[in-house]
Amino acid sequence: MNRSTTPTPRIVVLISGNGSNLQALIDAIDNKTLNATITGVISNVKSAYGLERAQKHGIDTTAIDHRDYADRETFDLALQAQIDAYQPDLVVLAGFMRILTPNFVRYFSGRLLNIHPSLLPKYKGLNTHQRALDAQDTEHGCSIHFVTLELDGGPVICQGAVAIELGDTAESLAHKVQHHEHRLYPLVCELFLHGHITLDNDNVTLSKTAVTQLHDHNALQGTHPS
Ligand code: GRF
C-alpha cells in the first residue's frame, strides 16, 4: 500500500483555565479537519479544567506552577524545556495567563500563536468584553496573532467579528466571541502547519488557500480597520 510517510505535525497547547479552545482543537483533530497531534498540554495552574479535558483524550499533560519559581526567567526556562520535550512544530497559547519573557518569545518566534478576545489593536490586556461594552462599541471579536515582544501586539493573522446587541453583557459577549474562536483557531493551526501561513520579518504571509479558507469562515484577514 502506498502511504504517505510525512510525519503528522505536532502541537503543544499552553493553558491556564477552562480550555474550551483546547477542546476545539481536540475536536478538530477527531473530526479530521485538523491534521495534527497534540503531543502535550501544559498549564501553569494545576487545577485548570483544560488538563482534565486533555487527559480524557489520552494527551500528555504537565503542570508547572509559576509560583514555584523565583522569577519569570526561571519559570520560562522550565516551560521552554518542557515544550521542547514535546517537540512541537507549533506552540498554541489558548488562555495562557502569563506574560512571557523576551527570550522565550524569541526562542519560539514564528511558531508561537495566541488568541486574544478583542479586535486588536483594540483592548489589549484583560476585561476586553466589558471594555468594548463600556466604550459602546457596535462590534467586538477575537484576533489570532503571532506572538512577538509586544504584549497582544504581534502581527494579526485573522479576526472574527460579532455584533454587539442591545442587552449584551460581558458574559453573553464572551459566549458569542468564543463561538468564533472555536471555529477559527483550529483552522489557523491547520493552515499554519501545512505551510499556508508564515511570518516573515513581522509580516504575515497567507497562501491563496489560506485566503480562501479564512474568507469561507467569515474571518477578517489581518487587522480590522476601526
Ligand atoms: C479565550 O477567550 C481566549 O481568547 C483568551 O482566553 C480565553 C480562553 O478560554 N486568550 P478557554 O480557556 O479556551 O475556554
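A pocket is defined on a 1 Å grid over the protein atoms alone, as an open set of points with protein on both sides within 12 Å along at least five of seven lines. A molecule sits in a pocket if more than half of its atoms lie within 2 Å of its grid points. By these criteria, the ligand sits in the largest pocket. The model is predicted: local features need pLDDT of at least 70, side-chain atom pairs count only at pLDDT 80 or more, and totals for chains, interfaces and linings use all residues. Residues are numbered from 1 along each chain as its sequence is written, and side-chain values use heavy atoms, with hydrogens and water left out.

The shell around the ligand was examined next. The shell consists of N18, G19, S20, N21, G95, I115, H116, P117, Q178 and E181. Two of these residues are nonpolar, seven are polar and one is charged. In this scheme Ala, Val, Leu, Ile, Met, Phe, Trp, Tyr, Cys and Pro are nonpolar; Asp, Glu, Lys and Arg are charged; the others, Gly among them, are polar. Three elements each supply at least two shell residues: α1 (20-30), β5 (112-116) and α6 (170-193). Helices (H or I, at least four residues) and strands (E, at least two) are DSSP runs, numbered from the N terminus.

Polar contacts were then listed. Such a contact is a pair of N or O atoms within 3.5 Å; within protein, one atom must be able to donate a hydrogen and the other to accept it, and residues adjacent in sequence count only if both atoms are side-chain atoms. S20 places a polar side-chain atom 2.5 Å from an oxygen atom of the ligand. For N21, a backbone N or O atom lies 2.8 Å from a ligand oxygen. Q178 contributes a polar side-chain atom at 3.1 Å from an oxygen atom of the ligand. On its own, the ligand has 370 Å² of accessible area, and the protein covers 84% of it. Accessible areas come from the Shrake-Rupley method with a 1.4 Å probe; for residues, only the protein chains shown count as cover.

The loop between β5 and α5 (128-134) holds S118. S118 has a relative accessible area of 0%, so it is buried; the class buried means under 20%, exposed over 50%, and partly exposed in between (1.4 Å probe, protein chains only). A polar side-chain atom of S118 lies 3.3 Å from the backbone oxygen of Y123. Y123 is found in the loop between β5 and α5. Y123 counts as buried because its relative accessible area is 15%. Its phi is positive, near 55 degrees, although Y123 is not a glycine. The loop between β5 and α5 also contains P121. A cis peptide bond joins L120 and P121, with omega about 10 degrees. Most residues other than glycine have a negative phi, and most peptide bonds are trans. T128 lies in helix α5. Its relative accessibility is 3%, so T128 is buried. The side chain of T128 reaches the backbone oxygen of P117 at 2.7 Å, and P117 is one of the residues around the ligand.

A positive phi was also computed for K32, at about 65 degrees; K32 is not a glycine. K32 lies in the loop between α1 and β2 (37-43). This residue is exposed because its relative accessible area is 71%.

G17 lies in the loop between β1 (10-15) and α1. At 25% relative accessibility, G17 is partly exposed. G17 and Q213 are 196 residues apart along the chain, and their C-alpha atoms are separated by 29 Å. D89 is placed in the loop between α3 (72-85) and β4 (90-93). With a relative accessible area of 38%, D89 is partly exposed. From D89 to L34, 55 residues apart along the chain, the C-alpha separation is 14 Å.

The loop between α6 and β8 contains G195. G195 is exposed, at 52% relative accessible area. L199 lies in strand β8 (residues 197-200). L199 is buried, at 18% relative accessible area. L199 and T138 are 61 residues apart in sequence and 31 Å apart in space, C-alpha to C-alpha.

Definitions and conventions:
Near = heavy atom within 4 Å. 1 Å grid on protein atoms, 1.4 Å probe; cavity = no way out; pocket = protein on both sides within 12 Å on 5 of 7 lines; lining within 4 Å.
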